[in-house]
Amino acid sequence: MNLRLKELELREIEMPLVAPFETSFGRTTRRRIMIARVSDARGVCGYGECVAMEEPFYNHETIDTAWLITTKFIAPLLAHARIEEAAQVSRALAPVRGNRMAIAGVETAIWDLEARLIERPLWQHLGGTQTQIRCGVSIGLQATTEALIDKIRIELESGYQRIKIKIKPGKDIELLRAVRRAFPSITLSVDANAAYRLPEDFSLLKQLDDYDLLMIEQPLAPGDLLDHAKLQRELKTALCLDESIVTFTDARQAHELSACRIINIKLGRVGGYGEARKIQAFALAHNVPVWCGGMLESGIGRAHNIALSTLPGFTLPGDVSASARYWTEDIIDPPVIVSKQGTISAPTKPGIGYEVTEARIEALTVRQETVSLR
Ligand code: OSB
Ligand code: MG
């Protein structure tokens with residue numbers, strides 16, 4: 001493909017969530033989302049979403065740091081690199097340390113652009129093989145155990161194949177006991193978002209083994225592969241790493257240390273398809289199951305997550321779920337819908353495969369900036 005990158009248009013949109021989402025690190029009621037639109041000299045556009053949150057609590061990035069890094073450093077590096085193929089973007093942006101969510105917003109947009117130019121669905125262009133992806137849900141911390149159980153029941157009735165609940169110190173063992181009493185045999189995971197520490201929380205974490213969990217996601221600090229390895233040695237339940245896996249090297253080292261048995265891949269966290277595919281290929285070669293995580297995305301990020309989830313090795317249900325769980329009206333048409341079997345069909349149209357509703361984006365825009373890519 002001979003790309004002729006022309007311009008990058010950034011927009012910040014604000015969208016209230018249908019319901020607040022609470023994790024061990026905080027509560028989100030509305031998303032401020034950076035949308036990247038990259039145009040080619042032929043007039044075709046590709047779209048990406050920067051999933052950085054409003055505050056630096058999931059990782060170090062925020063929408064505001066991503067905006068700055070993108071306009072000041074990413075756009076000039078891309079212009080200088082004279083990109084001809086989407087696959088070259090991740091290497092061209094390698095001089096930027098960290099800030100992978102900023103990189104991913106633009107990198108994924110260029111992949112969408114390239115797929116549209118060759119008139120193929122992006123998931124096929126990436127080498128995806130699965131025409132249906134398996135869906136789970138991530139349910140945030142709730143005010144009461146009863147509220148959580150009601151939410152789980154509703155999601156199960158919708159057909160979702162796996163329930164993941166958030167835990168934090170003080171909202172863990174008792175909560176799980178109640179959930180397991182209500183639903184003895186569902187496929188259930190927990191996600192701590194790095195809220196526990198060794199050695200002091202060891203005996204508590206050990207008790208999680210009693211609840212027949214599919215996995216325990218990111219119990220310890222992001223940089224702490226060593227303690228995850230110690231913990232994994234003592235647990236029957238599989239650990240899954242999310243925040244800890246930022247690069248391909250992290251995935252390789254986590255595997256070599258036996259710090260986890262499962263990896264959650266997020267496009268934003270790892271800097272886009274370039275790095276995500278390296279992790280996916282490594283995991284596939286080493287029989288490490290992977291699944292696609294979520295960051296409360298709008299339809300654009302959600303469509304990219306669907307494309308990623310079609311790759312070989314994405315065998316476990318991901319956190320990619322229906323638009324309606326998050327938004328009253330999404331910015332893509334049709335919105336993402338999930339079948340009664342808890343699956344999403346890979347789209348058949350070119351690029352991300354959903355129509356981006358520019359008018360809706362325009363109505364939600366609170367900030368806009370255009371930078372040259374030539
Ligand atoms: O840890 O997977 C996570 C949301 C924001 C930040 C981190 C996480 C999450 C989720 C929700 O669990 C996933 C989703 O439904 O998009
Ligand atoms: Mg997580």
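Mentor: Start with one pair of residues: Ile 265 stands opposite Cys 292 in β11. Strand β10 (residues 262–265) and β11 pair in the parallel sense over three bridges. Two strands count as paired if DSSP finds at least two bridges between them. The names come from DSSP runs numbered from the N terminus: helices are H or I runs of at least four residues, and strands are E runs of at least two.

Trainee: What kind of model is this, and how are its parts numbered?

Mentor: This is a predicted model, in which local features need pLDDT of at least 70 and side-chain atom pairs count only at pLDDT 80 or more, while totals for chains, interfaces and linings use all residues. Residues are numbered from 1 along each chain as its sequence is written, chains are lettered from A and ligands numbered from 1 in the order in which they are written, and side-chain values use heavy atoms, with hydrogens and water left out.

Trainee: In what order do the seven strands of the open sheet run?

Mentor: The order is β5-β6-β7-β8-β9-β10-β11, with parallel pairing. At the edges are β5 (136–139) and β11 (290–292), each of which pairs on one side only. From one strand to the next, the twist averages 25°; axes are lines fitted to C-alpha atoms, for helices over the stretch in contact, and angles run from 0 to 180 degrees between N-to-C directions.

Trainee: Which way do the side chains of β5 point?

Mentor: In a regular strand the side chains alternate between the two faces of the sheet. In β5, Gly 136 and Ser 138 point one way, Val 137 and Ile 139 the other way, and all are buried. Buried means under 20% relative accessible area, exposed over 50%, and partly exposed in between, with a 1.4 Å probe and protein chains only. β5 pairs with strand β6 (residues 162–166) in the parallel sense over four bridges, and the partner of Gly 136 in β6 is Arg 162.

Trainee: Which residues come nearest to ligand 1?

Mentor: Of the 18 residues around ligand 1, the nearest are Ser 138, Lys 166, Asn 193, Leu 296 and Tyr 326. A residue is near a molecule if one of its heavy atoms lies within 4 Å of it. A polar contact is a pair of N or O atoms within 3.5 Å; within protein, one must be able to donate a hydrogen and the other to accept it, and residues adjacent in sequence count only if both atoms are side-chain atoms. A polar side-chain atom of Ser 138 lies 2.8 Å from an oxygen atom of ligand 1. For an N or O atom in the side chain of Asn 193, the distance to an oxygen atom of the ligand is 2.7 Å. A polar backbone atom of Met 295 is 3.3 Å from an oxygen atom of ligand 1.

Trainee: Which residues coordinate the magnesium ion (ligand 2)?

Mentor: Donors are N, O and S atoms within 2.8 Å of the metal (3.2 Å for Na, K and Ca); water is not among the atoms, so sites may look incomplete. Here Asp 191 (OD), Glu 217 (OE) and Asp 242 (OD) coordinate the ion, at 2.1 to 2.3 Å. Along the chain the donors follow the spacing D-x25-E-x24-D. Asp 191 lies in strand β7 (residues 188–191) and Asp 242 in the loop between β9 and α9, so the pair ties together parts that are 51 residues apart in sequence. Both Asp 191 and Asp 242 are buried.

Trainee: Where are the cis peptide bonds?

Mentor: Most residues other than glycine have a negative phi, and most peptide bonds are trans. A cis bond joins Leu 198 and Pro 199, with omega about 5°, and Pro 199 is in the loop between β7 and α7. Another cis bond joins Asp 333 and Pro 334, with omega about -10°.

Trainee: What is the phi of Arg 82?

Mentor: Phi of Arg 82 is near 45°, a positive value in a residue other than glycine. Arg 82 lies in the loop between α1 (63–81) and α2 (89–92), and counts as exposed at 69% relative accessibility.
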